[in-house]
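Colleague: I have not looked at this one before. Can you put it up and take me through it?
Modeller: Here it is.

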Amino acid sequence: MTTTILVAGGTGNLGGRIIHALLDRGADVRALVRSGTDRAKVEKLEQRGVKVFRVDMSDVPQLTRACAGASCVISALQGLHDVIVETQSVLLGAAIAAGVPRFIPSDFSSDFTRLSVGDNRNFDLRRAFNEHLDKTSIAGTSILNGAFGEVLTYNIPLLDFQQKRIGYWEDPDWRVDFTTMDDTAAFTAAAALDAATPRILRIASFQISPKELVTVAGEVTKEKFELVRMGSREELAAHNRRDRAAHPEGEQEIYPGWQQTQYLHSMFSVQNEPLDNDRYPEVKWTSIRSVLAGALRRG
Ligand SMILES: NC(=O)c1ccc[n+]([C@@H]2O[C@H](COP(=O)([O-])OP(=O)(O)OC[C@H]3O[C@@H](n4cnc5c(N)ncnc54)[C@H](OP(=O)(O)O)[C@@H]3O)[C@@H](O)[C@H]2O)c1
């Protein structure tokens, strides 16, 4: 029997990839879109055979009708408190009202269950939503993927191609978790079609330390990279607290500068352990070399 999965945020970067992976696995896919959602993105979903529901995300009866008969609701929404806590809670309520057995929230992050409140504002929103989810009757599955592997190609302090520098905090041997967007999407699709997932699934396409990154980046680019200590983890946390206090306007932005450095702090504070990578043998994990070589080819 074909399994029906409902995806919210399917017009987004990760959500679109999750839909693609679900269709590849033969699922019957529904997508929630807003009245203001880009028409071209909606048409693309329809052309792929996705059943699109145009909804008001605050209208519980509309959402409940869209959820009816689904085995799992996946949220790949992105936003601040109004989306991650409020809109996801409305959607969760509709999923429960429709009798959907499982909900995958838009976590897709480092392991915030092992971080403290205040370390990472975006993770605090996910923690708040999950606390609410855990008080309901529906089964929740959080997918924790570390950082997207692609961020290593964005000239972040951890790997700066322009300055030929690998910057790290605290420990040059600390292995940071990375999962590419496509690997995250493939694993999420497999998890959505698996009726018996645990509450949390931890994955990583690769785990790599700053020291190892010096070698790999050097081999892939044929250039020499310098390993630079940026400070201790506590110094980074103190910087983040000061920067957040100095830039309150960032509270209204998804990725203000201080949130990006909060993310770096999270990357150097928690590791996905143990990994659930082997749960779905058909999911093949992308290597760090292939991520870096791909970025180099694209220029
Ligand atoms: N681990 C990492 O390194 C990493 C990096 C990036 C993202 N992520 C996570 O991946 C998830 C998806 O992010 P993304 O980058 O794919 O996001 P994205 O491309 O910005 O897409 C966001 C999606 O959410 C929808 N949306 C936004 N606000 C909404 C609202 N108020 N009501 C209904 N729909 C709304 C958008 O719909 P419209 O098309 O209608 O606007 C779109 O489909 C998030 O949890 C994000 O934190 C993780």
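Colleague: Start with the 3 strands that form an open sheet: in what order do they come?
Modeller: The order is β8-β10-β12, and the pairing is mixed. The edge strands are β8 and β12 (206-208), each of which pairs on one side only. Strands here are DSSP runs of E with at least two residues, helices are runs of H or I with at least four, and both are numbered from the N terminus. Two strands pair if DSSP finds at least two bridges between them.

Colleague: Before we go on, what sort of model is this, and how do the residue numbers run?
Modeller: It is a predicted model: local features need pLDDT of at least 70, side-chain atom pairs count only at pLDDT 80 or more, and totals for chains, interfaces and linings use all residues. Residues are numbered from 1 along each chain as its sequence is written.

Colleague: Back to the sheet. In what sense do β8 and β10 pair?
Modeller: β8 and β10 (residues 176-179) pair in the parallel sense, over 2 bridges. F148 has T179 in β10 as its bridge partner.

Colleague: And the sheet with 6 strands, what is its order?
Modeller: That open sheet runs β3-β2-β1-β4-β5-β6, with parallel pairing. Its edge strands are β3 (51-54) and β6 (139-140). Inside it, β4 (residues 72-75) and β5 (residues 102-104) pair over 3 bridges, and I74 stands opposite I104 in β5.

Colleague: Now the ligand. How many residues surround it?
Modeller: There are 25, and the closest are T11, G12, L14, T37 and Q78. A residue counts as near if its C-beta atom, placed from the backbone, lies within 6 Å.

Colleague: Which element gives the largest share of that shell?
Modeller: α1, with 3 residues. α1 (13-24), α4 and β8 (147-148) each supply at least two. By class, the shell has 10 nonpolar, 12 polar and 3 charged residues. Ala, Val, Leu, Ile, Met, Phe, Trp, Tyr, Cys and Pro count as nonpolar, Asp, Glu, Lys and Arg as charged, and the others, Gly among them, as polar.

Colleague: What does α1 cross, and at what angle?
Modeller: The axes of α1 and α6 (residues 181-192) come within 8 Å and cross at roughly 55°. Axes are lines fitted to C-alpha atoms, for helices over the stretch in contact, and angles run from 0 to 180 degrees between N-to-C directions. α1 and α6 are therefore oblique to each other; under 35 degrees counts as roughly parallel, over 145 as roughly antiparallel, 65 to 115 as roughly perpendicular, and the rest as oblique.

Colleague: Which residues of α1 meet α6?
Modeller: Among them are L14, I18 and A21, and on the α6 side M181, A185 and A189 are included. The contact has 9 nonpolar, 4 polar and 2 charged residues. Contact means C-beta atoms, placed from the backbone, within 7 Å.

Colleague: You mentioned α4. How do the axes of α4 and α5 lie?
Modeller: The axes of α4 (residues 81-97) and α5 (residues 121-134) come within 9 Å and cross at roughly 20°, so the two helices are roughly parallel. Their contact divides into 7 nonpolar, 4 polar and 1 charged.

Colleague: And α8 with α9, at what angle do they pack?
Modeller: About 160°, with the axes 9 Å apart. α8 and α9 are therefore roughly antiparallel. This contact has 4 nonpolar, 6 polar and 3 charged residues.

Terms used: Two residues are in contact if their C-beta atoms, placed from the backbone, lie within 7 Å.
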